[in-house]
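Me: I've got a structure open and some quick questions. Can we go through it together?
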Amino acid sequence: MTEGVPWPVRTPRLQLRPCTPDDLDAMWGWRRLPEVNRWLGLAPDTIEAFRERHLEPARLASLYLIERLPEHEGDAPTPIGDLMIRIEDAWAQLEVAERAKGVEAELGWVLDPASTGRGYATEAVQAAIEVCFGPLGLRRVHAGCFADNEPSWRLMERLGMRREEHSRKTALHRSGEWLDGMNYGLLAEEWPVGS
């Protein structure tokens, strides 16, 4: 889905690259943590179930590993999170539906709690937006979260994404509680080049 992008994409401290099946064990390391998986749409309770879900070709193709670049030449990058870039069609009336194919992306991210509080998530999502509006030539990105997931929506606001919806008790959490949801979007023309 993201062919034409010069992977890995590097920032001053990080690199993003397509996930491979070999990356799933590292991802499981942070995704299995209660403070992380409480916000995820699905939280498999075993590594086998996690692998089965994430080895699905379309899902794996939309996942990217976030790695911290090494401090010393010759050292390997350290996996610290993962990011989703899911290319989608925009809604369109039937007569113009062909022009709306593959023009936007849903973004999602997960960071190992051991790496939070240092701006890594902001840096990684900013790089993903650059990929979407740069090499991929998309017209819009969007992301959503539970309203209670304040770090996530604060990150979106920090990057200039606009709150498009705050829905009241529309999302049933696995805890059994109905929670508010928030959705954010950003258009290519709103993104400053070379942010």
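Me: Which residues does R10 touch, not counting residues up to four places away in sequence?
Reply: R10 touches Q15 and L69. One thing to keep in mind: this is a predicted model.

Me: Where is R10 found?
Reply: R10 is in strand β1.

Me: Is R10 buried or exposed?
Reply: R10 is exposed, because its relative accessible area is 55% and the cut-off for exposed is over 50%.

Me: What separation do the C-alpha atoms of R10 and L40 have?
Reply: They are separated by 26 Å. Along the chain, R10 and L40 are 30 residues apart.

Me: Staying around there, what kind of peptide bond joins W7 and P8?
Reply: A cis peptide bond, with omega about -5°. P8 sits in the segment before β1.

Me: New topic. How many residues are in the largest nonpolar core?
Reply: That core has 39 residues. I85, L107, I129 and V141 have the most contacts inside it.

Me: Which elements give two or more residues to this core?
Reply: The strands are β2, β3, β4, β5, β6 and β8, and the helices are α5 and α6.

Me: And which element gives the most?
Reply: α5 does, with 10 residues.

Me: What is V141 in contact with, leaving aside its neighbours within four places in sequence?
Reply: V141 is in contact with A105, L107, I129, C132, F133, M161, Y184, G185 and L186.

Me: How far apart are I87 and V141?
Reply: In space, 9.1 Å, C-alpha to C-alpha. In sequence, 54 residues.

Me: Is I87 buried or exposed?
Reply: I87 counts as buried, because its relative accessibility is 15% and the cut-off is under 20%. I87 is in strand β4.

Me: Let's do helices. At what angle do α1 and α3 pack?
Reply: At about 120°, with their axes 10 Å apart. α1 covers residues 24-31, and α3 covers residues 47-54.

Me: Why are α1 and α3 called oblique to each other?
Reply: Roughly perpendicular stops at 115 degrees, and roughly antiparallel starts over 145. The angle is about 120°, so α1 and α3 are oblique.

Me: What is the handedness of the crossing?
Reply: α1 passes α3 in a right-handed crossing.

Me: Which residues make the contact?
Reply: From α1, they are L24, D25, M27, W28 and R31. From α3, they are I47, F50, R51 and H54.

Me: How does that contact split by class?
Reply: There are five nonpolar residues, one polar and three charged.

Me: Which residues of α1 are buried?
Reply: L24, M27, W28, W30 and R31 are buried.

Me: What do the buried residues of α1 pack against?
Reply: They pack against helices α2, α3 and α4, and also strands β3, β4 and β5.

Me: Why would residues three or four places apart point the same way in an α-helix?
Reply: An α-helix has 3.6 residues a turn, so residues with that spacing point the same way.

Me: Switching to R68. Where is R68, and how exposed is R68?
Reply: R68 is in strand β3. R68 is partly exposed, with a relative accessible area of 26%.

Me: What does R68 touch, not counting residues up to four places away in sequence?
Reply: R68 touches R13, L14, P77, T78, I80, S115 and Y120.

Me: Where is S115 found?
Reply: S115 is in the loop between β5 and α5. S115 counts as buried, at 5% relative accessibility.

Me: And what is S115 in contact with, leaving aside its neighbours within four places in sequence?
Reply: S115 is in contact with R68, I80 and Y120.

Me: Last stop, L179. Which residues does L179 touch, not counting residues up to four places away in sequence?
Reply: L179 touches F146, D148, K169, T170, A171 and H173. L179 is in strand β8 and counts as buried, at 7% relative accessibility.

Me: How far apart are L179 and F146 in space?
Reply: They are 6.7 Å apart, C-alpha to C-alpha, and 33 residues apart in sequence.

Me: What is phi of K169 near?
Reply: Phi is near 45°, a positive value in a residue other than glycine. K169 lies in strand β7 and is exposed, with a relative accessible area of 52%.

Key: Residues numbered from 1 in each chain as written. Predicted model: local features only at pLDDT ≥ 70, side-chain atom pairs only at ≥ 80, totals over all residues. Heavy atoms only, no water. Core = buried A, V, L, I, M, F, W, Y, C linked by side-chain atoms within 4.5 Å. Buried < 20%, exposed > 50% of the residue type's maximum accessible area, 1.4 Å probe, protein only. Helix = DSSP H or I, 4+ residues; strand = E, 2+ residues; numbered from the N terminus. Contact = heavy atoms within 4.5 Å. Axes fitted to C-alpha atoms, helices over the stretch in contact; angles between N-to-C directions. Parallel < 35°, antiparallel > 145°, perpendicular 65-115°, else oblique. Left-handed = near helix turned anticlockwise from the far one by under 90°. Nonpolar A, V, L, I, M, F, W, Y, C, P; charged D, E, K, R; others polar.
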